[in-house]
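Trainee: Before I use any of the labels attached to this model, I would like to hear what each one rests on. Could we take them one at a time?

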Amino acid sequence: MNYDDLVSKWKEYYEQMPGSKMFPELFKPITIRKVKIPNRIKYAATEDNFNKDGFVTEKDVAYIRERARGLVGGICTIQGVYMDPKGEGQGYVGQAAAWDDKFIPGLKKLADAIHEEGAIANIQLMHCGRVGGVKLPYCVGPSAVPQRLRVLKPVKEMTKEEIKTCIKQHGEAARRGIEAGYDIVEISGIVGYLISNFLSSYTNRRTDEYGGDIENRCRFMVEVIEEVRDAVGKDVPIFIRLCAEELLDEMGGNTPEESMVTYKMAEKAGVDCISVTQGWQESLHSVITRDIPQGHWLYNAKRARQHVKVPLSMAYRLFKPEMANKAIADGIIDIWELCRPLIADPYLPKKTLEGKLEDIRYCIACNLCLARLFRDAPITCAVNPLVGHEWEDRWKIKPAEKKKKVMVIGGGPAGLQCALVAAQKGHEVHLYEERNILGGQVVYASKGPYGEDELYGIIEWLKRQCEKAGVIFHMNTTVTPEIIEKEKPDTVVVATGVKFVVPKVPGSNLPHVVLGPDVLEGRGESGERVVVWGGRGDGIIAALYLATKGKKVTIITKDRKPGVDVNPSYIWRYMLKISQAGGRVYRFADIESIEEKRVIIKAAYGVRIPVPCDTVVVSLREPRNELVEAAKKLCSEVHVIGDALQPRRLHNAIHDGYRVGLRI
Amino acid sequence: MSFDPEEELRRLLARYDLLCGIVRATWYEWRQAALEFAKPGTNPLDLVKRAWEIVGHDTAQSYFMALRKNSPTFLEDLANLIVMSSRAMGEDAVVIKSDKPNEVFVQWNECPWPEFARRYKADMEEDVQGCDQWFQTVVDDVNKHFGTKVRLETLKAIPRGDPVCLRRLWIEEG
């Protein structure tokens with residue numbers, strides 16, 4: 001590849017774009033070894049579970065092409081590939097492989113797609129170590145330290161011979177990457193994958209030359225880097241991702257100082273750029289969830305800067321271009337990495353360059369992508385319904401053959417997304433919302449106390465895009481059959497969401513029985529001891545909200561656990577916070593009767609328990625679909641979407657809206 | 001002496017819940033040990049079915065005292081006993097009456113066993129067929145004891161991906 005031509009082509013384009021003036025640091029080239037990179041933006045490696053038996057699929061190629069296109073000349077990293085035929089290093093069922101030359105054609109397709117879009121291709125080598133062996137009854141690591149997470153496999157200690165083989169496999173995989181056309185080779189050494197297992201005092205208890213003090217624990221990493229260098233030659237940049245802070249204090253992990261030793265050793269071994277990360281999958285601390293403020297982890301990059309001279313990159317809660325531009329200007333990082341934000345909006349860098357910041361659909365850090373990965377499913381995205389469907393023509397928005405008048409009833413995420421797609425297809429779309437605020441359940445969900453306001457971003461984005469697409473909003477308007485009759489729409493979309501219902505039990509009409517939304521919006525007072533009736537997502541948010549106000553909260557749920565519908569990345573933290581505030585949960589339980597100062601619950605095993613309480617907050621929902629039958633009588637095309645069909649989660653609502661929008 | 005009745009009950013419930021979890025875990029741990037000592041080629045499913053058959057005989061014996069052959073609700077009483085056993089193990093089960101005489105259904109809305117099967121990497125089919133074996137043994141022993149003709153059929157199973165487990169019990173005519 002002629003990097004000079006590539007950089008000058010993009011430079012010319014950047015100069016015409018407002019974003020290059022607004023964010024000059026992001027659109028400056030950088031040269032690493034012989035590779036000249038037109039800008040400072042990098043798509044970080046993302047497992048997607050799109051591939052089969054290690055072979056790259058067309059689905060993955062289309063997914064990566066879309067990200068490469070949006071990068072406007074940046075670095076596009078493909079998912080980490082595993083490198084051994086047994087699959088000990090395979091951590092994800094749909095992970096791509098590079099353990100044989102037979103995988104080169106597939107890897108080349110990805111590299112070619114990236115190059116065709118004018119971006120720089122980066123292949124990541126990833127042996128998943130104690131997160132590996134996804135199709136095996138075991139995984140491997142430096143020592144057989146038992147897993148903290150049940151989902152992970154028992155660890156088998158690697159022999160020295162196995163270590164040497166594994167190092168060679170890194171070199172062979174790197175060589176295959178270069179043959180496939182990649183410009184950069186990256187080594188993953190983070191979150192619990194093999195290199196990090198060797199580096200960490202938590203998982204490396206060896207007494208040979210690969211264990212012991214931090215220098216010895218670095219030996220495996222150093223030998224991998226040297227092997228990869230031998231394989232790729234002196235011109236190809238080698239990147240590595242390394243933990244600056246493991247956040248494993250409770251398990252006896254490395255100190256932050258020891259982590260900096262790993263950085264220095266990596267630099268000395270010949271890496272050309274370090275991606276600064278923090279946390280392990282086994283860590284007890286939040287790293288990428290909404291309770292972590294944007295830019296929070298930059299302090300680790302600052303620390304790294306004091307210890308190494310090679311360029312640094314960083315992802316992890318760094319979503320905003322202005323923040324990344326400043327971090328580069330301040331000399332904290334050199335390259336801005338993005339993973340989840342480019343799942344949510346692959347065109348984030350392009351929109352930044354074009355100065356269209358209001359069009360960026362920001363990731364809401366819901367971690368649906370991760371939750372699906374860990375359940376061996378292909379990734380999807382709550383806010384970007386197209387993820388995984390980039391290769392399917394039927395998922396693309398195309399002009400409608402016949403323009404229709406579409407009435408969307410309800411301004412929650414389902415209604416907004418549906419209205420947007422329908423309007424983008426060219427229909428005349430009227431969206432009716434009975435309140436003076438859009439967002440439906442997201443309005444309440446975003447009242448949570450730990451960064452949940454970030455959730456409302458998707459509603460603001462949908463509203464802006466709807467306005468641009470010409471959707472006509474009718475706020476403070478309750479739709480009746482008479483309105484439908486008068487407006488005569490060709491299509492009605494019922495997206496009226498849910499209603500909160502109080503089951504009829506003795507005492508359920510008492511004045512201290514209130515609805516969750518009333519409490520969250522400040523319309524209902526609550527006493528000191530609060531029973532939250534219903535343990536799904538909305539009940540959890542109400543409980544969190546009340547717990548942070550110092551209330552003693554008891555959640556009553558019929559489910560086997562609270563928050564069965566809440567993302568696993570979040571629910572354990574939420575429950576920890578509720579429990580730390582003195583909160584309790586009764587599973588397999590329901591309220592039998594409500595009295596003035598207590599409720600009687602029927603708990604698991606049929607046991608009745610009196611629970612003292614001053615207020616009962618009801619968080620039980622039913623679909624609100626009264627208009628459906630009337631609409632069907634008045635209109636030949638009626639769709640019911642989102643919670644109005646079945647109360648579910650945000651991503652279900654948005655995906656319903658998108659799919660039905662396409663169908664109209 | 002003052003005490004918090006909710007707290008006392010809650011603590012008892014929590015301990016009982018933990019105990020039920022230990023019982024389920026122990027089941028799979030014994031299964032693993034038995035398989036390690038079993039003859040080469042032993043099918044885990046055969047081992048599991050045999051174990052549940054032994055459990056079934058024991059369960060049936062505990063039901064004999066609670067059932068009355070001449071009761072007009074004999075079948076429903078048996079179904080209720082099954083529900084009671086299931087609830088005692090942390091399952092959420094109910095008896096559903098049928099429109100037809102001599103027929104009832106037992107529906108399990110929640111069951112913690114598949115979660116443990118998954119955790120211990122046991123085949124889900126073991127979970128279904130293990131339960132079937134247990135109930136079938138109970139029904140067979142009840143029939144032998146009372147001279148009845150109760151029949152059992154599994155219609156849905158959570159471990160097979162159904163939303164509930166559903167079993168039909170009926171008395172064969174003639």
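Mentor: Let us begin with helix 15 of chain A and helix 23 of chain A, whose crossing is right-handed, a term used if the near helix is turned clockwise from the far one by less than a right angle, anticlockwise being left-handed. This is a predicted model, in which local features need pLDDT of at least 70, side-chain atom pairs count only at pLDDT 80 or more, and totals for chains, interfaces and linings use all residues. Residues are numbered from 1 along each chain as its sequence is written, while chains are lettered from A and ligands numbered from 1 in the order in which they are written.

Trainee: Why are helix 15 of chain A and helix 23 of chain A called roughly parallel to each other?

Mentor: Their axes, which are lines fitted to C-alpha atoms over the stretch in contact, with angles from 0 to 180 degrees between N-to-C directions, come within 7 Å and cross at roughly 25°. Angles under 35 degrees count as roughly parallel, over 145 as roughly antiparallel, 65 to 115 as roughly perpendicular and the rest as oblique, and the two helices are therefore roughly parallel.

Trainee: What makes the contact of helix 15 of chain A with helix 23 of chain A, by class, nonpolar, polar or charged?

Mentor: By class, that contact has 13 nonpolar, 4 polar and 1 charged residues, where Ala, Val, Leu, Ile, Met, Phe, Trp, Tyr, Cys and Pro count as nonpolar, Asp, Glu, Lys and Arg as charged, and the others, Gly among them, as polar.

Trainee: Which residues touch the most other members of the largest nonpolar core?

Mentor: V408(A) and A419(A) do, out of 215 residues; such a core is a set of buried Ala, Val, Leu, Ile, Met, Phe, Trp, Tyr and Cys residues joined through C-beta atoms within 7 Å. Leaving aside neighbours within four places in sequence, A419(A) is in contact (C-beta atoms, placed from the backbone, within 7 Å) with V408(A), V429(A), L431(A), C466(A) and V471(A). Apart from that core lies another, of 26 residues, including I82(B) and W108(B).

Trainee: How many of the residues in chain B are buried?

Mentor: Buried residues make up 22% of the 174 residues in chain B, a residue being buried if 20 or more other C-beta atoms lie within 10 Å of its own, exposed if 12 or fewer, and partly exposed in between.

Trainee: How many residues does the contact between the chains take from each?

Mentor: The contact takes 14 residues from chain A and 15 residues from chain B.

Note on methods:
Two residues are in contact if their C-beta atoms, placed from the backbone, lie within 7 Å. Helices (H or I, at least four residues) and strands (E, at least two) are DSSP runs, numbered from the N terminus.
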